[in-house]
Structures are given as C-alpha cells and as structure tokens.
Amino acid sequence: MWVFGFGSLMTDVWERDFSCMQRVEAELKGYCRVFNKKSVSNWGTRDCPCPTLNLVFEANASCIGIAFEFSEEKTEEVEAYLTRREGRNFNLSVVEVVAEGSGPVKALVPLYAGKNIIRPIDMQAAFGLVSCAKGSSGKCTDYVVDVYEQLK
C-alpha cells in the first residue's frame, strides 16, 4: 500500500509508527499544490486562519511530494490514522503517482472537500494571515517553514 504526501505528511515522520518500508520522492500529475485551505484549529483560528496546503486539479500540472510504502497488513491501520488525522472533510482518494525507484503506483492521497477554502488573495494579505495565525499545533509560520524545508 502507498500513501502520497504533499504537505505536512511529508514533514512530521508519522510513517514511523506504521513501519514504513520506504519513503521516496514521487510525482502526482494533474494536480498542483496551493496554500488555499484554512486551518482554523491546528495552525490558526477562525479569526486568523493559517493558509495550509491543498491539491487542486489542473490538467497540465504536476505535484512533487513523498510516497510512503507500507505492507498490505498495515492498510486498515494507516487508513484509520489518515482519516482521524485529516478530518471528516478529506476524502482518501486513490491516485496514480510515479514513485522514485518503483515507477507508477496506486497511492492514497487526502483530498480536501470542505468549505474552508481561501479565496485568491494577494501576497500581502497572505503574509498577514501567516504572521498572525497560531493554533493548537503551533504557529502558521512554523507550518510554512516546515513545508518549505521539506520541498527544498
């Protein structure tokens, strides 16, 4: 079983708890990564939401992330964890990713289907949200820096 991470799944070593067999770079075609999902609990509040990563379908786009491979025996456990972690507004969808060293594989990816979408805003407004937002998991700036470091 494979899972594709494009945001915080890439950075917080969650996969260790499920005996991840390998962690490799992977490409998901047809989607692009955007900071357009409001975090109103973990990284922000309703008054000052943190822009967090989401995937948006775009036919000619491509998203580089991390593919995690687990034994089939871990499928139910990993799916239950991802469902709890991501929340009720995420669908665990099966997509094809190209995993380094393994080629095309079917992977689960959490796709957001809720109402907390940030309408397009300019860079100054986005910076204002990032600088003020803080939630139960920490500051929005920490989230953004963690993602940046992983993407480097």
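Visitor: What relative accessible area does serine 19 have?

Guide: This is a predicted model, in which local features need pLDDT of at least 70 and side-chain atom pairs count only at pLDDT 80 or more, whereas totals for chains, interfaces and linings use all residues. Residues are numbered from 1 along each chain as its sequence is written, and side-chain values use heavy atoms, with hydrogens and water left out. Serine 19 is partly exposed, a class between buried (under 20% relative accessible area) and exposed (over 50%), with a 1.4 Å probe and protein chains only. The relative accessible area of serine 19 is 48%.

Visitor: Where does serine 19 lie, and what is its phi?

Guide: Serine 19 lies in the loop between strand 1 and strand 2; helices (H or I, at least four residues) and strands (E, at least two) are DSSP runs numbered from the N terminus. Most residues other than glycine have a negative phi. Serine 19 is not glycine, and its phi is positive, near 55 degrees.

Visitor: Which loop holds valine 13?

Guide: Valine 13 has a positive phi, near 50 degrees, in a residue other than glycine. Valine 13 is partly exposed, at 36% relative accessible area. Its position is the loop between strand 1 (2-5) and strand 2.

Visitor: How far apart are the end C-alpha atoms of helix 1?

Guide: The expected span of a helix is 1.5 Å times one less than its number of residues. For the 12 residues of helix 1 this gives 16 Å. The model agrees, since the end C-alpha atoms are separated by 16 Å.

Visitor: Which elements do the buried residues of helix 1 pack against?

Guide: Thr75, Val78, Tyr81, Leu82 and Glu86 are buried in helix 1. Seen down the axis, these residues fall within an arc of 135 degrees (taken from the directions from the helix axis to the C-beta atoms), so they line one face of the helix. The face turned away carries the exposed residues Glu76 and Arg84. By contact, meaning heavy atoms within 4.5 Å, the buried residues of helix 1 pack against strand 1, strand 4 (90-99) and strand 5.

Visitor: Which residue follows helix 1?

Guide: The residue after helix 1 has a positive phi, near 100 degrees. This residue is glycine 87.

Visitor: What arc do the buried residues of helix 3 cover?

Guide: In helix 3, Cys140, Tyr143 and Val147 are buried. They lie on the same side of helix 3, because their arc around the axis is only 60 degrees.

Visitor: What covers the buried residues of helix 3?

Guide: The 12 residues of helix 3 (residues 140-151) should span 16 Å, and the end C-alpha atoms, 17 Å apart, agree with this. The cover of its buried residues includes strand 2 (22-39), strand 3 (50-69), helix 2 (123-132) and strand 7 (138-139).

Visitor: Which residue classification applies to valine 145, buried or partly exposed?

Guide: Valine 145 lies in helix 3. Its C-alpha atom is separated by 25 Å from that of alanine 99, 46 residues apart along the chain. With a relative accessible area of 46%, valine 145 is partly exposed.
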